[in-house]
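I opened the file to look up a few residues and the packing around them. My notes follow in the order I checked things.

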Amino acid sequence: MFDTDEVIYAKENKIAFTAGLQKTESYATQQIIKFSRVITNVGGGLNASDGVFYCPEPGLYSFFVSIMTLANDAFAHIYKNDKSIVYVYTDRSGRKWKSGSNAVVLRLE
């Protein structure tokens with residue numbers, strides 16, 4: 001069972017963000033995506049101007065990434081510091097529009 005202090009801590013220190021792009025964008029290889037639309041940024045961890053999430057509190061964090069592309073290959077990675085942890089890939093074959101998604105849970109400090 002949970003200790004009461006742990007449950008209170010979890011309720012008081014909520015951190016979450018949802019961000020995306022408002023229009024079709026093209027990116028160079030290994031370019032950080034700078035989100036043009038921030039829907040939620042509870043706890044202030046996402047710096048939309050540089051596209052980086054800075055961990056405000058140690059803990060477990062869930063990250064989800066989705067991409068959609070038209071007629072091109074596309075990769076999107078989730079990095080922890082300088083290391084790619086998971087990625088999403090779409091290729092040129094098949095239908096016009098392709099999409100993909102991936103998720104990861106990371107311990108951050």
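I started with Asn81 and its relative accessibility, which comes out at 70%. The cut-off for exposed is over 50%, so Asn81 counts as exposed. This is a predicted model, so I read the value as computed. I then placed Asn81 in the chain: the residue lies in the loop between S6 and S7. Next I checked its backbone. Phi of Asn81 is near 55°, a positive value, and the residue is not a glycine. I noted this because most residues other than glycine have a negative phi.

Thr69 came next. I found Thr69 in strand S5. Is Thr69 buried or exposed? Its relative accessibility is 10%. Buried means under 20%, so Thr69 counts as buried. I listed its contacts, skipping residues up to four places away in sequence. Thr69 touches Ala74, Thr90, Lys96, Trp97 and Lys98.

Then I turned to the core. The largest nonpolar core has 13 residues. Which of them touch the most other members? I got Phe63, Ile78, Val104 and Leu108. I also looked up which strands supply this core. S5 (59–70), S6 (74–80), S7 (83–90) and S8 (97–108) each give at least two residues. S5 has the largest share, with 4 residues.

Last, I took Leu108 from that group and listed its contacts, leaving aside neighbours within four places in sequence. Leu108 is in contact with Phe53, Cys55, Glu57, Pro58, Gly59, Tyr61, Phe63 and Lys80. Phe63 is on this list, and I had already noted Phe63 among the core residues that touch the most other members.

Notes:
Residues numbered from 1 in each chain as written. Predicted model: local features only at pLDDT ≥ 70, side-chain atom pairs only at ≥ 80, totals over all residues. Heavy atoms only, no water. Core = buried A, V, L, I, M, F, W, Y, C linked by side-chain atoms within 4.5 Å. Buried < 20%, exposed > 50% of the residue type's maximum accessible area, 1.4 Å probe, protein only. Contact = heavy atoms within 4.5 Å.
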